[in-house]
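Visitor: Could you walk me through this model? I'd like to begin with the ligand and then see what else turns up.

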Amino acid sequence: MTRAFYIGRFQPYHNGHQYVLERIAETAEEIIIGVGSAQLSHESGNPFTAGERILMITGSLKEIGIPLYVIPIEDIKRNALWVAHVRSMAPPFDLVYSSNPLVMQLFAEAGVRVESPAMYARKLHSGTEIRRRMLKGEDWEHLVPPSVIRVIGEIDGVARLRKISQNDCADESGQEDRSL
Ligand code: ATP
Ligand code: MG
């Protein structure tokens, strides 16, 4: 039985994540998805709460066809202890899928088998690029599954991102006062 582990921040969940998870589901029997930096939200780089990200993921993977466990993982800021931290929260797993060099290194040092999935059109399908498009009012909806569009609509997520990305240096005309 292969229970695979996959971790990301999913700010937001996008078609790159979806592509990789659909490939993993072709071989793994169960998948655990760790929602990293779970404690963070309402920041320009981390606009969505762990619960909102869980809605995006479970909604997008309703038809994946194998058991799926989505668990929040808070940061501990101690890389040497991080694998033990993950293991203390997640159901047991025997294989990790990740392309993140730090995640790969930490699991490999702990003796866990790691596989590195191929990237899916990475330039466009990246959380950073999607947040940039949301801020600029550019199209982003084609880069995420329909459930993610629904969740972001439900929570008015684009307006939130814009609001929290402002600073308090704008005067009443909306002009930024850079002298401060
Ligand atoms: P951000 O730009 O906010 O860091 P991200 O797109 O890198 O967002 P993460 O949540 O940081 O998304 O990444 C989770 C995992 O998904 C990482 O292992 C990352 O390498 C992988 N990943 C991200 N984009 C893609 C993609 N387009 N194709 C395949 N894997 C991806
Ligand atoms: Mg990333």
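Guide: Keeping in mind that this is a predicted model, ligand 1 sits in the largest pocket.

Visitor: Which elements give two or more residues to the shell around ligand 1?

Guide: Those elements are strand 1 (3–8), helix 1 (15–24) and helix 5 (127–136). In total 21 residues surround ligand 1, and the closest are Tyr120, Arg122, Gly127, Thr128 and Arg131.

Visitor: And how many of the shell residues are nonpolar, polar and charged?

Guide: By class, the shell around ligand 1 holds eleven polar residues, seven nonpolar ones and three charged ones.

Visitor: What is 2.7 Å from a nitrogen atom of ligand 1?

Guide: That is a polar atom of Tyr120, and it belongs to the backbone of this residue. On the side-chain part of the picture, a polar atom of His14 lies 2.8 Å from an oxygen atom of ligand 1, and an N or O atom in the side chain of Tyr6 is 2.9 Å from an oxygen atom of the ligand.

Visitor: How much of the accessible area of ligand 1 does the protein cover?

Guide: On its own, ligand 1 has 600 Å² of accessible area, and the protein covers 90% of that.

Visitor: Back to the pocket, then: how much space lies in the largest pocket?

Guide: The largest pocket holds about 930 Å³ of space. It is lined by 37 residues, of which Ile7, Gly8, Arg9, Asn100 and Val103 are the closest to its centre. Strand 1, helix 1, helix 4 (101–109) and helix 5 each contribute at least two residues to this lining, whose residues divide into 15 nonpolar, 15 polar and seven charged.

Visitor: Changing topic to the backbone: is the peptide bond from Gln11 to Pro12 cis or trans?

Guide: The bond from Gln11 to Pro12 is cis, with omega near 0°, and Pro12 is found in the loop between strand 1 and helix 1. Most peptide bonds are trans, and most residues other than glycine have a negative phi.

Terms used: Residues are numbered from 1 along each chain as its sequence is written. Chains are lettered from A and ligands numbered from 1 in the order in which they are written. This is a predicted model: local features need pLDDT of at least 70, side-chain atom pairs count only at pLDDT 80 or more; totals for chains, interfaces and linings use all residues. Side-chain values use heavy atoms; hydrogens and water are left out. A residue is near a molecule or strand if one of its heavy atoms lies within 4 Å of it. A polar contact is a pair of N or O atoms within 3.5 Å; within protein, one must be able to donate a hydrogen and the other to accept it, and residues adjacent in sequence count only if both atoms are side-chain atoms. Accessible areas come from the Shrake-Rupley method with a 1.4 Å probe; for residues, only the protein chains shown count as cover. On a 1 Å grid over the protein atoms alone, a cavity is a set of points where a 1.4 Å probe fits but cannot get out, and a pocket is an open set with protein on both sides within 12 Å along at least five of seven lines; lining residues have an atom within 4 Å of a point. A molecule sits in a cavity or pocket if more than half of its atoms lie within 2 Å of its grid points. Helices (H or I, at least four residues) and strands (E, at least two) are DSSP runs, numbered from the N terminus. Ala, Val, Leu, Ile, Met, Phe, Trp, Tyr, Cys and Pro count as nonpolar, Asp, Glu, Lys and Arg as charged, and the others, Gly among them, as polar. Grid points are joined across faces, edges and corners, and a volume is the space filled by probe spheres set on the points.
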